[in-house]
Amino acid sequence: MDQQWLSVNAEYRTWSHCIKGLIIVLVYNMQRIWYITIAVALVNICLPIGKTMAQDKQKQKISLKDSLDHAVDLSDYLIYANGFIMLPIPITEPALGGIGGALVPIFLKKRAAVIDTVNGKVRITRVNPDITGGIAMYTANNSWMTGAFRSGTLTKPRITYRAFMAYANINMTFYRSFDNIGQRTFDFNFKTIPVYLQALKQFSNARWSAGLQYLFLDTKVGIARDSLPSFVTDKEKASIVSQLGAVLQYDGRDNIFTPDKGVRVQADFFLSNSAFGSDYNYWRINYSFIGYTPITPKFIGGFRFEGQQVLGSPPFYLLPYIRLRGVPSVEFQGNATLVSEAETRWDLYKRWSLVFYGGLGEAFDDWNNISQHPLVYSYGTGFRYLIARKFKLRMGVDVARGPNDWAYYIVFGSNWLR
């Protein structure tokens with residue numbers, strides 16, 4: 001459901017499981033979906049099924065231990081695996097019942113780096129692997145989804161593309177506050193067919209990229225009540241969202257999974273309009289900054305800032321919401337959101353690390369009354385293990401405290417995978 005699923009200097013990325021559920025994930029965290037899935041692929045303890053890739057036409061000997069420190073490491077399996085991989089993915093999102101799982105079969109095709117000459121200088125550009133797969137998800141609150149995805153690269157024009165299509169039947173709880181009775185919850189059922197397409201053109205230095213994206217949602221909304229609540233219109237019971245947008249991205253991180261240094265900055269927007277066949281006319285703007293810097297050789301500091309804004313009248317389930325560990329999805333919504341979060345990783349012993357983090361967020365409808373809305377906070381800690389050294393990929397568990405309760409998350413790479 002991270003991260004998220006791109007960084008133009010990353011070699012491995014794909015779609016992930018829908019940990020945020022239904023439309024909210026498919027729209028707000030589409031990049032994160034790609035990042036988390038490939039991260040899960042890298043840490044899967046089930047060995048790939050199929051033949052190993054040949055190296056100089058000789059069978060490659062694969063070990064579960066690293067050649068340097070002899071610790072458990074999956075790098076060789078990932079580099080030399082060839083064939084069908086079945087990924088079991090745990091889903092711990094509270095908005096989807098707190099427990100569930102997904103099966104993601106993935107086919108990977110490794111692509112060779114491109115070597116060319118620019119202004120008399122040799123340039124080597126990594127090429128993402130072609131990734132084709134499917135997803136089948138089920139959670140404790142009877143939410144389920146099936147779908148398929150593909151990610152690939154057109155090498156000569158330096159264009160990366162992604163495509164995703166699914167059918168989802170998701171149960172989610174939404175929160176609304178009223179002057180007389182306070183906060184109330186509303187349980188909805190969403191049946192939706194999402195389609196997402198994206199194409200990004202890499203610039204000459206491979207850190208900048210820009211392109212187009214398109215999202216289509218055919219959605220039917222149901223509620224276990226005799227009548228719809230006041231914030232839901234009749235049109236939202238069955239409607240189509242069709243929106244076209246653009247993406248501009250800079251990624252200078254040293255890797256996309258668990259960076260030690262570098263920054264990633266992205267701005268993108270969507271326009272939903274009847275000219276594209278949509279039942280809604282509105283704009284959506286997203287912007288984000290994620291940065292990492294080494295404080296000492298064993299302490300890595302990170303900072304994340306993200307903002308979202310809608311202009312017009314989107315359906316209620318596509319309003320921006322606060323995304324922080326420990327804060328349930330869609331509990332705090334508004335026409336705009338601002339989120340900041342800091343994190344420190346302490347490489348404590350060999351491959352083991354501890355992380356500490358805390359964040360603030362605010363959801364509001366109008367910039368003029370931003371100070372009238374309370375800040376939402378969360379904080380927590382967790383651990384990481386370097387499971388694939390050659391990819392700088394760590395995995396672990398985070399425990400977070402939000403305004404109301406504790407929550408835990410299984411983390412692949414980083415919670416900020418984008």
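**Entry 1. Trp346**

I looked up Trp346 and found it in strand S16. Strands here are DSSP runs of E with at least two residues, helices are runs of H or I with at least four, and both are numbered from the N terminus. Trp346 has a relative accessible area of 29%, so I put it down as partly exposed. The cut-offs are under 20% relative accessible area for buried, over 50% for exposed, and partly exposed in between, with a 1.4 Å probe and protein chains only. I also noted Thr296, which is 50 residues from Trp346 along the chain; their C-alpha atoms are separated by 9.5 Å.

Two notes on the source. This is a predicted model, in which local features need pLDDT of at least 70 and side-chain atom pairs count only at pLDDT 80 or more, while totals for chains, interfaces and linings use all residues. Residues are numbered from 1 along each chain as its sequence is written, and side-chain values use heavy atoms, with hydrogens and water left out.

**Entry 2. The whole chain**

I listed three helices and 20 strands. The chain has 418 residues, and 54% of them are buried. Its accessible surface is about 18300 Å², with 61% belonging to carbon and sulfur atoms. Accessible areas come from the Shrake-Rupley method with a 1.4 Å probe, and for residues only the protein chains shown count as cover.

**Entry 3. The nonpolar core**

Which residues have the most contacts inside the largest nonpolar core? I wrote down Met172, Phe174, Phe188, Phe190, Phe316 and Tyr317, in a core of 33 residues. Two or more residues each come from strands S7 (130–139), S8 (144–154), S9 (159–178), S10 (182–202) and S11 (208–223). S9 gives the most, with six residues. A nonpolar core is a set of buried Ala, Val, Leu, Ile, Met, Phe, Trp, Tyr and Cys residues joined through side-chain atoms within 4.5 Å. In soluble globular proteins, nonpolar side chains tend to be buried together.

Leu360, Leu375, Tyr377, Tyr379, Val399, Trp406, Tyr408 and Ile410 make a nonpolar patch of about 770 Å². Strands S18 (376–388) and S20 (406–412) are the elements that give two or more residues to the patch, and S20 gives the most, with three. Patch residues have over 30% relative accessible area and no salt bridge; nonpolar side chains (Val, Leu, Ile, Met, Phe, Trp, Tyr) are joined within 5 Å, like charges within 9 Å. I checked Tyr379, which lies in S18. Its relative accessible area is 42%, so Tyr379 is partly exposed.

**Entry 4. Salt bridges**

How many salt bridges does the structure hold? I have 16 in my notes. A salt bridge is a side-chain nitrogen of Lys or Arg within 4 Å of a carboxyl oxygen of Asp or Glu. Side chains of opposite charge can pair when their charged atoms come close.

The side chains of Arg351 and Asp73 form a salt bridge at 2.8 Å, N to O. Arg351 is in the loop between S16 (336–349) and S17 (352–364), Asp73 is in the loop between S2 (58–59) and helix H3 (75–80), and the two are 278 residues apart. Both Arg351 and Asp73 are buried.

Lys392 and Asp254 form another, with their closest N and O atoms 3.7 Å apart. Lys392 lies in the loop between S18 and S19 (393–401) and Asp254 in the loop between S12 (238–251) and S13 (262–272), so the pair ties together parts 138 residues apart in sequence. Lys392 is partly exposed at 38% relative accessible area, and Asp254 is partly exposed at 28%.

The side chains of Asp260 and Arg345 meet at 2.7 Å, N to O, in a salt bridge. Asp260 is partly exposed, at 23%, whereas Arg345 is buried, at 5%. I also noted one network, in which salt bridges with shared partners join Arg304, Glu306, Arg323, Arg325, Glu341, Glu343, Arg384 and Asp398.

Arg284 is in strand S14 (residues 282–296). Arg284 is buried but has no salt bridge, and the nearest side chain of opposite charge, Asp268, is 6.4 Å away. For charge, Lys and Arg count as positive and Asp and Glu as negative; His and the chain ends are not counted. The side chain of Arg284 makes a polar contact of 2.3 Å with that of Gln308. A polar contact is a pair of N or O atoms within 3.5 Å; within protein, one must be able to donate a hydrogen and the other to accept it, and residues adjacent in sequence count only if both atoms are side-chain atoms.

Arg162 is in S9. Arg162 is also buried without a salt bridge, and Asp268, the nearest side chain of opposite charge, is 9.3 Å away. I found a polar contact of 2.5 Å between the side chains of Arg162 and Gln198.
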